[in-house]
Amino acid sequence: MLEPFVRGNLAHLQGLYDRFPPPARNLLTSARGWFLMRIRYSPRTFTLLRSLRRDESWNADQIAFFQFCALRQTLEHAFRTVPYYGSYPRAEFRRIEDLRQLPILDRETVLQNQECFLSRSTEPHQRIRAGTTGTTGASLSVAYTEQLVSENWAFLLRQWAWAGVEPRHPRITLQGSRIVPADRAEPPYWTYNVPERQILMSIFHLSETTAPDYLNFLLRHDGEVLEGFPSVLGILADFALDRGTRVPMHVVFTSGEPLYPATRAKIEEAFQTRIFDTYGMTEYCGLIQECEHGQTHLVPEYGFLEILDERGEPVAPGEEGYFVWTGFLNQAMPLIRYRIGDRGRWQGGGPCSCGRAFPLVVATITRESDTLHCPDGRLFSPRALNQLLKRSAPLRFCQFVHDRPDRVIVRAVVRGQEHADSEVMHIRAGLQRLLGSSMQVVAELATAPIARPGGKIPLIVNQVRQ
């Protein structure tokens, strides 16, 4: 049960971790990696993986039957063990369409009633907590278990198999972990998770000055798997292409953000391989994965997806609507008909040439944002700054407005006054530490977020001409 302790004490442990020299940080990273490896590569994981590979031969009727049974089991579990669903109607669930008798959950409702969504069947000491900011910048605390970590990893390994990647293939990861102190000004900007054959690279130290260090390191590890947030890998790709450099990698996996066509093109050009994209969420309600033929499939064993219009009615194939998810896996915090805020559409045109009958779905937009350019040359992607908001529960929205070359405004819309001012100042202080003395960070409260045409709410608003 080490992972619940680590997740629950990240802020304190981060301060201790940053004080250690690079060799000790490698040792600490590998120590945690050993514990994670025992969960991710457990017998449970590979038993499920073998089952998932067999599921790829399902036809549409078999998929529908599985989802019906999984929905019924999920509803029974939630109604029996989760306080929030105590007032839900107990109509008999005879067909999938009966799900529409239940109300749609919006993210604000879950934010305001987080503890009421916890299942009594999961002991408190078994719960792992993780924050997610979704599309608004307001943090939701999600509970899950080590069992779910193992199961989720099996789905990841199945997509690896589609890409021709074996479990524990060497990989380089650029995601949200702060694996190097923010004030570090020389290599290494990475650390080693030896048990999982993984190298974690910092996403907080990318700049024109450090670009040669990053690229030279990647060149020494060509042919490995590269994974990360699209915006971060896009910055790395720009570094490479601007210098006429290509870094041939085995395959690239992206997740955590929208992958736009222009970003995909430059990443695939810089790293001389193709991308396998994934749409997922910290709430563990649903999963969409790209196959080897470039199509994005709903993963039917993971959750049930409805795509609904503004009135809550199903949209026609090809028509855009809101994603509404009912998850099958997260027994610790089951969410039923959860409207996460993202949009997408069912894709017509017949079955995928990969041969799988898994439904084709396209996530059309999640969060759109700019990149923050610091005077000292460092570049911060939306996901880099997103890490500061993981526990910002009192906030309804939070954005970072770059209004002058040397200034950023933390612009917050609060949910209630209790703890809101201190939370905003806490975020301001964290951003100041991250950006350093070259930037002034101030904070302000607002009544509404800055929205772009179409209603998109960017995390970073860049008002400085580059």
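Is tyrosine 85 buried or exposed? Tyrosine 85 is buried, with a relative accessible area of 0%, where buried means under 20% relative accessible area, exposed over 50% and partly exposed in between, with a 1.4 Å probe and protein chains only.

Let me state the basis of these values. This is a predicted model, in which local features need pLDDT of at least 70 and side-chain atom pairs count only at pLDDT 80 or more, while totals for chains, interfaces and linings use all residues. Residues are numbered from 1 along each chain as its sequence is written, and side-chain values use heavy atoms, with hydrogens and water left out.

I turn to the aromatic rings. The structure holds 25 aromatic pairs; rings of Phe, Tyr and Trp (its six-membered ring) pair if their centres lie within 6.5 Å, with planes under 30 degrees apart counted as stacked, over 60 as edge-to-face and the rest as tilted. One of them joins tyrosine 84 and tyrosine 85: the ring centres are 5.9 Å apart and the planes stand at 90°, so this pair is edge-to-face. Tyrosine 84 is partly exposed, at 23% relative accessibility.

Another pair is formed by tryptophan 160 and phenylalanine 253, whose centres are 6.1 Å apart and whose planes meet at 25°, so the rings are stacked. This pair links distant parts of the chain, 93 residues apart: tryptophan 160 belongs to helix α7 (residues 146-162) and phenylalanine 253 to strand β8 (residues 251-254). Helices (H or I, at least four residues) and strands (E, at least two) are DSSP runs, numbered from the N terminus. Tryptophan 160 is buried at 2%, and phenylalanine 253 is buried at 6%.

The charged end of arginine 274 sits over the ring of phenylalanine 276, 4.1 Å from its centre; the criterion is NZ of Lys or CZ of Arg within 6 Å of the ring centre and within 35 degrees of the ring normal. Arginine 343 likewise lies over the face of tyrosine 322, at 4.5 Å from the ring centre.

Finally, the cysteines. How many disulfides does the structure hold? It holds zero, a disulfide being a pair of cysteine sulfur atoms within 2.5 Å. For cysteine 352, the closest cysteine sulfur is that of cysteine 354, at 3.5 Å, too far for a bond. For cysteine 398, the closest is in cysteine 374, at 16 Å, again too far. Cysteine 352 is buried at 6% relative accessibility, as is cysteine 398 at 2%.
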